[in-house]
Amino acid sequence: VLPWVTITGSMAYNEMGVLAFGAAALLIVLSESGTTRGGAAAAGLLVGAATLSKLTAGVMIAMPMGLILLLGLTRGAPAAAGDEATPSVAEKPTGFKHGVQLAAIAALMGATMLSPYLVRNYVATGNPVFPFAAERLGAGHWDDTIVARWDTAHGLSPKDEGRLDTLSRQWLLNTGYGAIGGRPTPRETENMARFDREGGVPGLWIAVIVGGVLLLKQREARPIACGMGLMLGVQVLFWMFATHMQSRFLLPTV
């Protein structure tokens with residue numbers, strides 16, 4: 001699906017931790033457990049663990065998960081107007097106030113999970129999220145040269161193509177395996193995140209579209225489809241505008 005899977009899938013790479021903890025949290029949040037305080041607490045601990053694996057998960061995983069809880073986009077959401085809600089669902093607490101409560105619980109538990117890391121970083125460098133925001137929050141033992149090198153290596157924009165072109169090549173129309181169409185890609189010795197053919201339509205997207213349509217046709221499943229769509233939108237926008245757009249950062253979208 002994504003070129004970096006072939007690299008990160010067989011080693012102890014931090015994207016794998018993000019996927020494991022994020023998927024587990026998503027299963028809880030999108031089930032009926034997502035309407036309970038215990039479910040929100042468990043999800044918060046898991047997204048905290050995902051963020052410990054890689055700080056970008058704080059936006060790609062934790063933020064959309066909190067929005068899903070806040071907006072009640074779970075399997076336990078009440079049926080649409082005119083539908084007959086099952087007794088188990090109808091008895092569950094609903095409403096914006098309940099969503100705020102669940103999101104707050106998840107945020108508190110996530111912060112609790114993250115706190116040892118943040119405190120340790122602050123004590124060691126004066127910056128809780130070091131090496132991020134080194135120029136504003138503190139560079140610790142780094143000098144200006146190292147900070148500049150970090151900023152250059154993690155710049156927001158690619159050097160040779162625009163954001164939409166990068167998204168298309170690395171995600172939307174990335175041939176991968178089992179894609180339809182595509183064109184030959186020249187070998188690049190300095191970029192392993194490429195396939196021999198690119199520009200096709202991945203079979204995954206066909207499955208995603210069909211699955212999304214089937215979910216949207218079922219009123220009780222629409223909140224889940226909307227929740228997953230919300231998460232996907234946040235992830236893609238964050239990747240495009242707040243990262244240096246490595247294809248492995250897109251693994252959580254899978």
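Colleague: Before I look at the fold, what counts as a helix or a strand here?

Modeller: Helices are DSSP runs of H or I with at least four residues, strands are E runs of at least two, and both are numbered from the N terminus. Bear in mind that this is a predicted model.

Colleague: Fine. In what order do the elements run from the N terminus on?

Modeller: The order is α-α-α-α-α-α-α-α-α-β-β-α-α. That gives 11 helices and 2 strands in the chain.

Colleague: How much of the chain is buried?

Modeller: Of the 254 residues, 38% are buried. The accessible surface is about 13900 Å², and carbon and sulfur atoms hold 65% of that.

Colleague: On to the inside. Which residues of the largest nonpolar core touch the most other members?

Modeller: Leu-26, Val-29, Ile-61, Met-65, Ile-68 and Leu-69 do, in a core of 20 residues. Two or more core residues come from each of α2 (14–29), α3 (37–53), α4 (57–71), α6 (96–125) and α11 (222–242). In soluble globular proteins, nonpolar side chains tend to be buried together.

Colleague: Take Met-65. What is Met-65 in contact with, leaving aside neighbours within four places in sequence?

Modeller: Met-65 contacts Gly-22, Ala-25, Leu-26, Val-29, Val-47 and Met-231. Apart from this core there is another one, of 9 residues, including Leu-167, Trp-171, Val-236 and Leu-250.

Colleague: Where is Leu-250 found, and is Leu-250 buried or exposed?

Modeller: Leu-250 sits in the segment after α11. It counts as buried because its relative accessibility is 0%, and the cut-off for buried is under 20%.

Colleague: How many cavities of 30 Å³ or more does the structure hold?

Modeller: It holds 1. The space in the largest cavity is about 40 Å³.

Colleague: Which residues line the largest cavity?

Modeller: The lining is made of Glu-15, Val-18, Lys-54, Thr-56, Ala-57, Met-60, Phe-249 and Pro-252. Helices α2 and α4 are the elements that give two or more residues to it. By type, the lining has 5 nonpolar, 1 polar and 2 charged residues.

Colleague: Change of topic: backbone. Which residues does a cis peptide bond join?

Modeller: Phe-130 and Pro-131, with omega at about 10°. Pro-131 is in the loop between α6 and α7 (134–137). Most residues other than glycine have a negative phi, and most peptide bonds are trans.

Colleague: What about phi at Ala-133?

Modeller: Ala-133 is not a glycine, yet its phi is positive, at about 50°. Ala-133 is also placed in the loop between α6 and α7. With a relative accessible area of 22%, Ala-133 is partly exposed.

Colleague: And phi at Met-245?

Modeller: Met-245 has a positive phi too, about 55°, and is not a glycine either. Met-245 lies in the segment after α11. Its relative accessibility is 2%, so Met-245 counts as buried.

Colleague: Last one. Where is Arg-37, and is Arg-37 buried or exposed?

Modeller: Arg-37 is in helix α3. Arg-37 counts as exposed because its relative accessibility is 52%, and exposed means over 50%.

Colleague: What does Arg-37 touch, not counting residues up to four places away in sequence?

Modeller: Arg-37 touches Gln-101, Leu-102 and Ile-105. The C-alpha atoms of Arg-37 and His-98 are 9.5 Å apart in space, and the two residues are 61 apart in sequence.

Key:
Residues are numbered from 1 along each chain as its sequence is written. This is a predicted model: local features need pLDDT of at least 70, side-chain atom pairs count only at pLDDT 80 or more; totals for chains, interfaces and linings use all residues. Side-chain values use heavy atoms; hydrogens and water are left out. Buried means under 20% relative accessible area, exposed over 50%, partly exposed in between (1.4 Å probe, protein chains only). Accessible areas come from the Shrake-Rupley method with a 1.4 Å probe; for residues, only the protein chains shown count as cover. A nonpolar core is a set of buried Ala, Val, Leu, Ile, Met, Phe, Trp, Tyr and Cys residues joined through side-chain atoms within 4.5 Å. Contact means heavy atoms within 4.5 Å. On a 1 Å grid over the protein atoms alone, a cavity is a set of points where a 1.4 Å probe fits but cannot get out, and a pocket is an open set with protein on both sides within 12 Å along at least five of seven lines; lining residues have an atom within 4 Å of a point. Grid points are joined across faces, edges and corners, and a volume is the space filled by probe spheres set on the points. Ala, Val, Leu, Ile, Met, Phe, Trp, Tyr, Cys and Pro count as nonpolar, Asp, Glu, Lys and Arg as charged, and the others, Gly among them, as polar.
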